[in-house]
Structure formats: structure tokens, C-alpha cells
Amino acid sequence: IQDDHKLSTEELEEKYGTSTSKGLSSARAAEILARDGPNSLTPPKATPEIVKFLKQMVGGFSILLWIGAAFSWISFGIQFAQGAESAFDNLYLGVVLALVVILTGIFAYYQEAKSTNIMASFSKMIPQQALVIRDAEKKELSADQLVVGDIVEIKGGDRIPADIRLIFTQGCKVDNSSLTGESEPQSRSCDFTHENPLETRNIAFYSTTCVEGTATGIVINTGDRTIIGRIASLASGVGNEKTPIAIEIEHFVFLVAGVAISIGVLFFVISVSMRYKFLDSIIFLIGIIVANVPEGLLATVTVSLSLTAKRMAKKNCLVKNLEAVETLGSTSIICSDKTGTLTQNRMTVAHLWFDDQIYSADTSEDQTTQPFDQSSQTWIALSKIVTLCNRAEFRPGQENLPIMKRVVVGDASETALLKFAEVVLGDVMDIRARNKKVAEIPFNSTNKFQLSIHETDDPNDKRFLLVMKGAPERILERCSTIMINGKEEPLDSEKAEAFQTAYMELGGLGERVLGFCHLYLPENEFPDTYPFDTDSMNFPTSNLCFVGLLSMIDPPRSTVPDAVSKCRSAGIKVIMVTGDHPITAKAIAKSVGIVSATSETVEDIAKRLNVPVEQVDRRQATAAVVNGMELKDMSLQQLDEILCNHSEIVFARTSPQQKLIIVEGCQRQGAVVAVTGDGVNDSPALKKADIGIAMGIAGSDAAKNAADMVLLDDNFASIVTGVEEGRLIFDNLKKTIAYTLTKNIAELCPFLIYIIASIPMPIGTITILFIDLGTDIIPSVALAYEKAESDIMNRRPRNKRKDRLVNEQLAVYSYLHIGIMQSVGAFVTYFTVYAEQGFLPSTLLGARVYWESNTINDFEDSYGQEWTKYQRMYLQWTGYTAFFVSITIQQVADLIIRKTRRNSIFQQGLFRNKVIWVGIFSQIGIALILTYGLGHVTALNFTPLRFQYWFVAVPFAILIWVYDEVRKLFIRRYPGSWWDKNMYY
Amino acid sequence: GLILLFYLVFYGFLAALFTFTMWVMLQTLSSDIPKYRDRIASPGLMISPKPDTALEFYFNKSDSQSYAEYVSTLRQFLETYDDSKQAQNIDCTPGKVFDQNDEAVKKACRFNLSELGQCSGKEDKTFGYSKGTPCVLVKMNRIIGLKPEGEPYIQCSPKEEGTVQINYFPPGGLIDLMYFPYYGKSLHAHYLQPLVAVQLAINSNSTKEETTIECKILGSPNLKNEDDRDKFLGRIAFKVQMTE
């Protein structure tokens with residue numbers, strides 16, 4: 001890459017035509033800005049809106065409907081040229097079909113745009129400022145105005161505004177975690193320390209943060225040319241996988257379109273060979289296509305998904321891509337970060353050891369007291385050390401906040417101790433004020449301890465108290481006694497052994513352990529005027545009294561263990577991927593249940609059996625802790641073997657790049673993988689994953705851009721609630737589709753029987769559209785509100801190859817069982833209407849040609865009366881209306897039976913889902929409006945219907961309900977039987 | 001195997017159910033009159049002969065082949081009106097509605113073919129087609145229970161005045177009330193609906209062109225003839241073109 005890190009300041013000044021003291025001139029900067037463009041990452045290329053829109057216009061069933069519309073217009077053209085009167089019906093039909101496509105297209109586009117907008121608003125940020133030297137003056141500039149050669153100043157807390165070669169630093173440390181995933185701050189200096197520009201200390205990278213200190217540097221890369229920019233463009237190179245629900249819907253559209261086209265063509269051939277006119281045959285074809293295509297369904301699916309997305313957003317899962325809602329439900333492996341996702345992302349005191357005993361502290365998020373035994377004198381001494389030997393302080397003005405939420409100035413361990421002390425003892429600052437500090441040695445890496453000397457708050461005790469904390473072994477070295485139950489006892493080997501055991505035990509829990517000791521300085525040697533000097537250390541620092549140990553950890557979030565066990569019962573494998581140390585990682589994994597209490601790794605077994613690791617049968621170990629270094633040397637087969645053979649896996653010390661390898665490994669197992677991430681370099685893994693989950697709080701913009709979902713509270717438990725919602729929506733979509741497909745048969749049969757038996761047309765194409773896009777829409781959305789039938793978190797994730805959204809059973813049961821029953825019911829109504837007006841079924845059979853002839857105006861009915869063409873047409877429309885009403889009434893029954901697939905309706909509760917009732921009332925309401933309100937608009941082909949015809953199909957509706965209850969009863973009674981296999985969808 | 005059996009039983013059951021409900025429904029119907037007659041409150045008009053494709057007559061009066069079909073249709077149509085077929089029909093009182101609600105057997109009124117005069121086919125076997133004065137029979141659709149009020153008659157007029165002279169049989173195009181009401185096919189088996197013959201004498205100077213003729217039923221307040229949507233309700237239009 002570049003070698004700017006090797007150059008001297010002078011060479012740099014020359015290379016970039018700048019001066020470290022004066023900076024660039026404004027004119028020069030403007031020139032470079034014009035050449036290089038603004039200093040910002042090019043957002044991933046968005047699909048042009050018009051392309052998105054057109055995609056909606058031709059996707060799914062739209063093509064079929066366009067073909068239908070085209071046919072309508074063609075036959076209009078031909079008939080119009082022939083001067084036929086009915087030509088305009090075809091024109092209107094074509095227009096209606098085109099309108100349907102356009103409206104549903106607009107709707108789908110609008111839905112998508114809406115969900116994208118949520119994201120867009122989310123990712124918008126406050127523009128970043130940078131302090132720049134230009135024209136020999138310091139200026140605040142918007143960071144995107146920076147150019148190569150600018151001299152910028154940064155200080156602790158700033159985000160680095162571009163790639164910067166440092167030329168002056170003072171205690172500067174940067175957090176490169178967004179780049180490398182390493183969370184330890186790294187110090188920065190002006191020295192060239194490494195050949196690799198990524199490793200050298202004198203370059204600070206764009207989008208990383210300066211943790212402390214100050215620095216000045218020359219901008220060497222801006223915008224997409226920065227290291228981060230290059231990674232981000234790498235991420236956009238990783239292909240997006242199709243979501244499982246997209247595949248399912250494609251499969252479903254393919255299935256239905258296949259049925260529509262084959263039935264259409266079959267009957268086209270039949271009607272041509274039955275000597276129907278070619279034009280008529282084409283019109284039949286259109287009718288069959290319209291009857292077969294569930295026009296409203298794709299819109300319904302979109303609405304259902306966005307309802308779920310809204311529900312999930314309430315539960316802190318913000319879904320960027322609607323289809324990801326369901327992907328989450330079919331997830332079989334979750335690769336989760338540790339810090340912040342599984343843990344609270346703050347150090348907290350977890351254990352104490354004093355009086356030769358380990359005490360556990362409360363590590364939950366909202367602790368207000370600590371339950372351990374605080375009666376011992378040793379604890380009083382220990383608490384004093386914890387309180388006094390601590391430099392961390394609360395920021396002022398937070399008295400009303402809970403202690404755990406207050407902001408602290410100080411490092412992570414000191415913060416943990418301060419909060420712990422505040423919880424247990426109350427006002428720490430007051431205690432410190434009463435025990436005035438007279439001298440202090442801050443922690444440094446050579447001493448590995450921190451020491452301070454205080455006056456005591458006991459007015460009768462004039463002694464000074466020396467308190468010290470630090471690495472336990474170093475503290476112990478300096479002690480000669482140990483406090484047990486408030487009494488100092490000599491530190492013999494037995495006591496030292498006890499210390500070692502406790503230290504090992506706490507360390508084995510992955511916790512950071514600190515030792516505490518004190519010494520009351522004798523009053524005679526150290527009078528209150530004694531000049532303490534921390535440089536010469538004119539006070540004792542050995543032969544102290546050891547008081548106890550405290551261990552700290554970033555504890556798991558309290559909701560996580562429960563969520564992990566839910567995942568377990570839901571058959572979802574949780575893999576922890578962290579940059580942390582293996583011991584800490586494993587400890588957290590154990591405490592949240594990712595590694596269960598009883599399971600062992602290969603190393604554990606080796607230790608237990610006391611044999612070398614190589615001799616252990618790897619298959620016996622259920623758990624595995626894989627180090628990033630091991631992973632680096634592994635072949636793909638070895639990784640696959642690990643992923644396959646172990647059910648509980650922790651990847652520790654991994655770099656974010658390795659995350660991608662792990663994700664790909666999981667996908668090779670056929671799993672649907674969810675991955676969490678926050679750093680910029682997580683974005684390739686987030687993109688590669690079936691569902692990438694970015695952290696809303698800790699996450700970088702690049703991660704949020706690459707992800708399909710954003711976790712607003714960074715909490716693992718939210719993922720699990722998301723999974724639950726995702727599974728529920730899959731079940732409910734099944735119900736919705738089953739409901740919608742059913743009436744297609746009742747819409748199709750009229751055409752088939754019309755062609756074969758030559759009866760007057762039972763239902764019109766436009767009437768069909770009124771069912772598909774009118775009465776049926778709200779009920780099918782209502783099914784999305786249905787509660788789960790059983791605990792959906794107790795079954796395995798669906799197998800994306802086997803468990804289809806629309807399987808054979810669903811199609812067969814909807815089409816050939818309920819659909820046929822509906823058709824029978826509707827035909828009974830149809831024949832009743834005709835018979836009661838004078839046309840008995842025997843007269844209707846074969847009557848089509850004469851019935852439809854415009855010149856026959858004395859068509860004789862079964863009673864000898866004669867009908868004009870228009871009188872017959874009006875009767876035909878009454879037939880349409882009756883057929884329509886019958887389908888609507890039976891769809892009410894269909895809606896009720898679709899509430900459950902296995903349980904009885906009475907188990908599920910008829911009234912629990914109120915929206916279903918909204919659906920039923922809307923369905924009947926719309927039908928009433930169409931029949932009686934619009935019954936006089938001839939173009940719509942509805943007529944006011946005699947009220948009793950609404951009830952003809954009711955017995956059939958009841959039959960549908962009873963039949964389905966029987967079906968479910970047998971399924972529950974005889975699981976695995978022939979019935980279960982064929983009837984459960 | 002099991003699946004086939006299942007569907008056999010299932011569809012067998014559905015077919016039986018369908019048949020049964022249809023049977024029950026049909027049992028509720030009377031065989032004499034339909035349950036509802038509201039869809040045909042007013043009758044349509046129709047003509048005979050009725051050309052196949054559209055209501056358009058094209059013929060050459062000197063070419064008997066060109067009108068042979070019209071003639072044979074008329075002949076066939078009037079067969080049922082033959083005196084021999086009307087033996088059991090009675091002579092009714094003209095000008096009065098013939099109510100026979102209480103009668104078990106409804107009698108049909110005799111319609112004498114002679115009333116159709118020159119269009120009866122008795123004197124002129126070609127119904128005037130050979131002479132260039134073609135006959136068209138106008139009839140009113142049968143509707144059970146319909147009792148026309150007033151004195152209904154058929155009136156025809158060409159679209160352009162003066163192109164055609166029209167003769168009516170019976171004179172004035174009258175439809176006698178005694179043929180009403182109609183009691184339906186099963187009760188009123190021998191019923192013959194009244195006919196009005198229209199003889200068109202097309203002016204020789206306008207023979208080259210098509211003439212549109214519109215016939216309407218007039219003189220009765222309860223017979224509609226001006227419905228916007230139904231072009232055949234109480235009226236009918238047809239075209240005639242005669243060549244020589």
C-alpha cells in the first residue's frame with residue numbers, strides 16, 4: 001500500500017505540499033477537494049427507484065395478469081373491428097387487470113419504501129467535526145471537507161476523521177476495535193514501528209476513536225481510499241443471499257402460476273377442440289388465469305410481514321429488509337458476539353474472597369443491595385480499602401440516577417469497584433472526604449499495584465492507614481499477615497495455599513482478580529505531620545496485612561441465560577464468537593448456558609482422565625473452545641468437523657475476518673445462520689450471513705448498513721424474541737396462503753363447468769377480482785395476528801429444503817378438499833337462483849350458445865316463458881352475485897378453520913384473535929355494500945340479491961368447519977398415521 | 001391406493017350431498033309456475049322469421065332461393081297455428097282478459113290463421129316475398145300471468161319516413177286481450193300466443209338501400225317499450241333490403 005509511515009515529517013510535508021505549522025491554504029484545499037471528492041464513504045449503490053418500482057410491476061403474478069390484460073385488449077381489438085356489441089367488456093377487463101397489477105405494484109413498492117425509510121432515518125448521523133489547521137489558523141470544519149495534506153488535531157473522545165499519519169502525540173491511545181476487533185486501546189506515537197501500515201504506531205485510521213491523549217497528524221487518505229473505505233467496498237462485494245421466505249414465495253408463485261397456466265392451456269385446447277370460437281377460447285383462458293391467481297396474496301404477505309416487523313421493532317429488533325423477519329424464524333445457528341450482546345459490557349464485581357471463603361456478589365443490571373454476609377470485621381477493612389484505594393469518581397449531577405446507570409470517570413475496574421462500594425456502603429465520596437488522602441501512587445505496569453495513604457475518620461485514632469490493591473500475587477508478596485475474622489494472623493504456608501486455591505478458582509471463572517491489603521502506620525513513627533514522599537517511598541510497602549480478593553467480570557445480561565435455553569429447546573445452536581481470552585469466553589459461555597454445566601471440552605476430558613489431549617476421542621466432547629490461532633491453521637474440513645461434531649462451540653481470540661470463515665462453515669452445514677456484529681470489519685460476515693444483526697448502540701454505521709436487522713438494545717434476548725416472531729409469521733403465512741388458495745377453486749370451477757357443460761356463466765371475471773382484492777384481503781391479513789398453536793420455541797427450526805411454505809398437503813387440502821366443497825356450495829346457490837326464476841338445471845345444460853346470443857330475444861325457460869337477452873343477462877349477474885355471496889359466506893368458515901392447523905378451534909379460542917372478527921365483519925360488510933349498495937352499477941355486474949340466497953351456502957360452510965375439525969381430531973389422535981401425513985399442512 | 005379410495009369416498013359423498021340438496025331445492029318448486037317472476041315484469045318483442053346472424057333480411061324477389069329459408073321458417077312457425085292443431089281450442093270473447101284461475105284445466109283460445117290475411121301463407125305461399133311485399137310476424141314474449149292493460153297494438157315504422165308502406169294483420173296491429181293471461185307450459189299446454197303480421201311494401205325507389213324498421217307495442221300502460229338497456233323490451237328493430 002502506502003509507505004507514508006516510513007517517511008519523515010519533512011518528506012511528508014513535501015509529498016503533500018503542506019506545512020505542519022501552517023497547514024494547507026484554503027485555495028489549495030479546495031483544489032484537492034475538487035479532485036478527490038468529499039471525505040466520506042460512498043454509500044452502497046442503491047437500486048434506482050424506478051427500477052425498484054418496475055420490479056414490483058413485473059414480479060410475482062404480475063406477468064400472468066399482464067398477459068391476461070394483453071389478451072383482453074387483443075380480443076377487444078378483434079371484436080371491435082368486427083363490430084360486436086360486447087367488445088367493450090374485454091376492454092374494461094383489460095383495464096381492470098392492468099389496474100390491479102399497477103395498484104398492487106404501487107402498494108408493494110410503498111411498503112418496501114416505508115420499511116427502507118425507517119432504516120434511512122436511523123442511519124442518518126450528526127455530521128462530524130474536525131479541528132484543522134488551514135491558512136495558519138485553527139478551524140472547525142465538517143469532517144467531509146478534509147483533504148489529503150490537511151493538518152488535523154485530535155483529542156481523547158474524538159473519532160479519527162480520516163487516515164492520519166501522526167506527527168505529534170501526547171499519551172495518545174486509540175480504540176481500533178471497529179477495524180481489528182481488538183478491544184484493548186492501543187497507544188500511538190510518531191515512530192515508525194512496523195513495515196505493515198496496519199501495524200505501525202504512527203498511523204491512526206478513519207472511524208476509529210481516540211480514547212485518551214492528544215495528537216496532531218497529516219491526512220494521508222480520505223473517503224473511500226481509507227483503509228475502512230476499502231473494507232466497506234469489500235463488503236459490498238460479498239453477494240447477498242436470497243432470503244428463505246423469498247425462495248418460498250418464489251416457489252409458491254411458480255406452483256400457482258404452473259397450475260394456472262397448465263389448466264388454462266388445457267382448457268384452451270379443450271375449448272378449441274369443442275369448436276368454441278378461437279376468441280372465446282382466449283377469453284376463457286383469461287378467466288382461468290384470473291381465477292387461479294391470488295391477486296391480493298402478495299400484498300397480504302407484505303402487510304403481514306410488515307406487521308410482524310412493527311411488532312419486532314417494539315421488541316427492539318429493527319428489521320431493514322421485510323423478508324428478514326421470517327429468516328430470523330428459520331435460523332438454526334446464531335453466531336453471537338460476547339461483549340455487549342451476551343454481557344452487560346461493563347465490569348462488575350462478581351466474587352469476593354475473605355475470611356478464607358468465597359462470596360458471590362449480585363451482578364444483575366439493577367442491583368441496589370448486595371446479599372452476601374457483611375458482618376465480618378474483615379469485610380469492614382476490605383470495604384475501606386475498596387473505597388479509598390480508588391481514583392474513579394462519579395460525574396457530578398447524577399444523584400437521581402440509579403447507581404448502575406451513573407457515568408464514572410475512571411477505568412473499567414475502578415468503575416466496577418466504585419459502583420460496588422457505592423451500592424454496599426452508600427455515599428463513597430463522603431467516606432473518602434472523611435478519610436482524607438495524604439499520598440498516592442497510581443497504578444503502573446511495572447509496580448502492578450496502586451497505593452494510597454489516608455487519615456482515618458476515627459478522631460481517637462491518629463494513625464495513618466495505608467491501603468493497596470493490585471495483582472494478587474504481587475500484593476501477597478508484600479504481605480506477612482492475613483486478616484481472618486477481623487484479626488491479623490501470620491501468613492503461613494497453609495494460608496498461602498488457601499489464597500492460591502481461591503485465586504485459581506476465581507481466575508478459572510474468567511474473572512479479573514485484584515488483591516487488597518492494608519497497614520495502619522504506627523503513630524509514633526508516622527506523626528500526623530509526616531511528609532509522605534511517593535517518589536522515595538518513605539513508608540513501608542512490605543509486611544502488610546492481606547485482607548482479601550475481589551474478582552470482576554463483564555457479567556452476562558440477566559435475560560440471556562433464559563434466552564439461550566429457549567434457543568436450545570428451539571433447536572438453535574448458539575455459537576459464541578469473541579475476541580476475548582478463551583478462559584473468560586468459556587466462563588461466560590458456561591454462565592449463560594451456551595456451554596452447559598455438564599458438558600466437557602476435549603481439554604476437560606484430557607484433564608479428567610489425565611491423558612494427553614491427543615488421545616481423547618474428539619467425539620466424546622460435546623463442547624469445544626476454539627482459539628483464533630488454531631482456527632487460522634485449520635483446513636475447511638477440520639472446521640466443518642468441529643461445527644458438525646460439537647453442539648456447544650466457543651470461538652475465542654478470533655479476528656472479525658475469521659467470523660466470515662465461521663459463517664461460511666455453518667452455511668456449508670446447510671444451516672440458516674444469524675450473525676451479530678458491530679465493527680466495520682464485521683460487515684462482510686454480516687452480509688454473508690443469512691441474517692446479519694448489527695448492534696444499535698455499539699454498532700458502527702458500516703455494520704448497520706450491511707446488516708438485515710438492527711438490535712436496538714444490543715441484547716441477545718431480543719434476537720430470541722425475534723426468532724419467535726419469525727416462526728409465528730411463517731406459520732401464519734401458511735394459514736393465510738391456505739385461506740387464499742381455497743377459494744381459487746371455487747372461482748375456477750365455474751369456468752371449467754361453463755366450458756364443459758355449456759351452462760350460463762356462473763361468475764364473472766370482475767366479480768372474482770372483487771373477492772380476491774375486496775372481501776378476502778382483510779381476513780387474510782387478520783390471520784397474521786393469530787397466536788401460536790403450541791410453543792413454537794419447542795420445535796426444531798424448519799428445514800429449508802423440506803418444510804416448504806406451500807407444501808403438497810397444503811395445496812391439495814386447499815384445492816381438492818375445502819375448495820371443492822366451496823364450489824359445491826356455490827353451485828347449489830347458483831342453481832337455486834336460476835331454478836327459482838324459471839330455469840331448471842335441465843334447461844341450463846348446453847344452453848350457453850343460445851343463452852349468449854344477442855339476436856335471440858325469446859329464449860324459453862322451463863315454464864314456457866320467454867326472455868330477452870338483457871333479461872337473461874340480468875339474471876346471469878344475479879347468478880354472479882349469488883355465487884359471490886356463497887363464496888364469501890364459505891370463506892368465513894374457511895377463515896375460522898384456518899386459525900389452527902392441528903388444534904381444535906375451541907382449544908385455540910374462537911374469540912382470542914379479535915382481528916379475525918374484524919376480518920369476518922369486513923368481509924360480510926363489503927359483500928353487503930357490493931350487492932346492495934353498488935347493485936345498480938351495471939359495469940360491476942352485481943345485482944341486489946334476495947336475502948335468503950345468503951343462507952343457501954351456510955350448511956356447506958358448517959360442513960367445512962365440521963370436516964376440518966374431524967381432520968384435526970384425527971391428526972391429533974393418530975400422529976404419524978396415513979391421515980396425519982396426508983392431511984397436515 | 002388408499003388415496004384413491006379416500007377421494008372416491010370423499011367425492012362420492014360430495015356428489016351425493018350435491019344431488020340431495022339439489023333434489024330438496026327442486027322439491028320446493030312448483031312444476032306449474034316459477035317461484036319468482038320479477039325479472040320478467042314486461043315482455044320483449046320478437047319477430048319470425050329470424051335470420052341466423054342478425055336481424056337483417058336480404059333477398060331478391062325474383063330469386064326464390066334467396067328467400068326460401070324465410071318462407072320455410074314462417075311455414076314451420078305457423079304449423080302450430082294450423083286449424084287441425086287447434087281442434088281442442090275454444091273461441092274466447094274478444095277484447096276481454098280470459099281469466100281461468102279457478103279452472104283445473106286451462107283452455108287455450110283459438111287464433112285463426114285467417115286473421116293474418118295475406119300473411120297467413122294460405123293464398124300466397126311465399127308470404128309476399130316473391131311480390132316484393134315480405135311478411136314478418138311480430139310476437140310478444142310469453143310471460144306467465146301477464147295481463148296487458150288497455151288495448152295493446154303493434155306499430156311499426158321505418159327509420160326514414162316514406163320508404164316503406166306497412167300493412168298490419170289483424171288490422172291496426174291489435175293484440176287481443178283474450179289471449180291473456182298465460183298459465184305456463186304444463187297447465188296451458190295448447191296455448192298459442194297472438195301474432196301480428198306486418199307486411200312491408202318497400203317503395204321501388206328505395207330498394208337499393210337498407211331500411212331499418214322499428215316495431216313497438218303501444219296502447220298498454222303496463223307494457224314497457226322504452227327501456228334504455230333492453231333494446232327488445234316491448235320493441236324490436238330489424239333491417240330489410242330487397243333487390244330486384
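## Close-up views of the chain A and chain B model

**View 1. Contact between chain B and chain A.** In this predicted model, 49 residues of chain B are in contact with 47 residues of chain A. The two chains bury about 3,900 Å² between them, and carbon and sulfur atoms account for 60% of that area. On the side of chain B, B:Tyr36, B:Arg39 and B:Arg229 together supply 19% of the area buried against chain A, more than any other three residues. The size of an interface is often given as the accessible area lost when the parts come together.

View 2. Six salt bridges are found across the interface of chain B and chain A. One pairing is that of A:Glu836 with B:Lys35, whose closest N and O atoms are 3.2 Å apart.

**View 3. The side of chain B that touches chain A.** Helix H1 (2-27), strand S1 (45-48) and strand S3 (135-140) of chain B each supply at least two residues to this side. The most comes from H1(B), with 14 residues. Sorted by class, the side of chain B that touches chain A has 28 nonpolar, twelve charged and nine polar residues.

**View 4. The largest nonpolar core.** This core has 214 residues. Those with the most contacts inside it are A:Phe252, A:Met709 and A:Phe716 from chain A, and B:Tyr129, B:Ile154 and B:Phe238 from chain B. Helix H25 (residues 716-757) of chain A gives the most to this core, with 19 residues. In soluble globular proteins, nonpolar side chains tend to be buried together.

**View 5. Surroundings of A:Phe716.** With neighbours within four places in sequence left aside, A:Phe716 is in contact with A:Ile334, A:Ser336, A:Thr341 and A:Leu342, and also with A:Val560, A:Ala563, A:Val564, A:Cys567 and A:Val574.

**View 6. The loop at B:Gly95.** B:Gly95 sits in the loop between helix H2 (64-79) and S3 of chain B. In sequence B:Gly95 and B:Met178 are 83 residues apart, while in space their C-alpha atoms are 5.9 Å apart. Leaving aside neighbours within four places in sequence, B:Gly95 is in contact with B:Asp176 and B:Leu177.

How values were computed:
Residues are numbered from 1 along each chain as its sequence is written. Chains are lettered from A and ligands numbered from 1 in the order in which they are written. This is a predicted model: local features need pLDDT of at least 70, side-chain atom pairs count only at pLDDT 80 or more; totals for chains, interfaces and linings use all residues. Side-chain values use heavy atoms; hydrogens and water are left out. Contact means heavy atoms within 4.5 Å. Buried area is the accessible area (1.4 Å probe) that two parts lose on being put together, summed over both. A salt bridge is a side-chain nitrogen of Lys or Arg within 4 Å of a carboxyl oxygen of Asp or Glu. Helices (H or I, at least four residues) and strands (E, at least two) are DSSP runs, numbered from the N terminus. Ala, Val, Leu, Ile, Met, Phe, Trp, Tyr, Cys and Pro count as nonpolar, Asp, Glu, Lys and Arg as charged, and the others, Gly among them, as polar. A nonpolar core is a set of buried Ala, Val, Leu, Ile, Met, Phe, Trp, Tyr and Cys residues joined through side-chain atoms within 4.5 Å. Buried means under 20% relative accessible area, exposed over 50%, partly exposed in between (1.4 Å probe, protein chains only).
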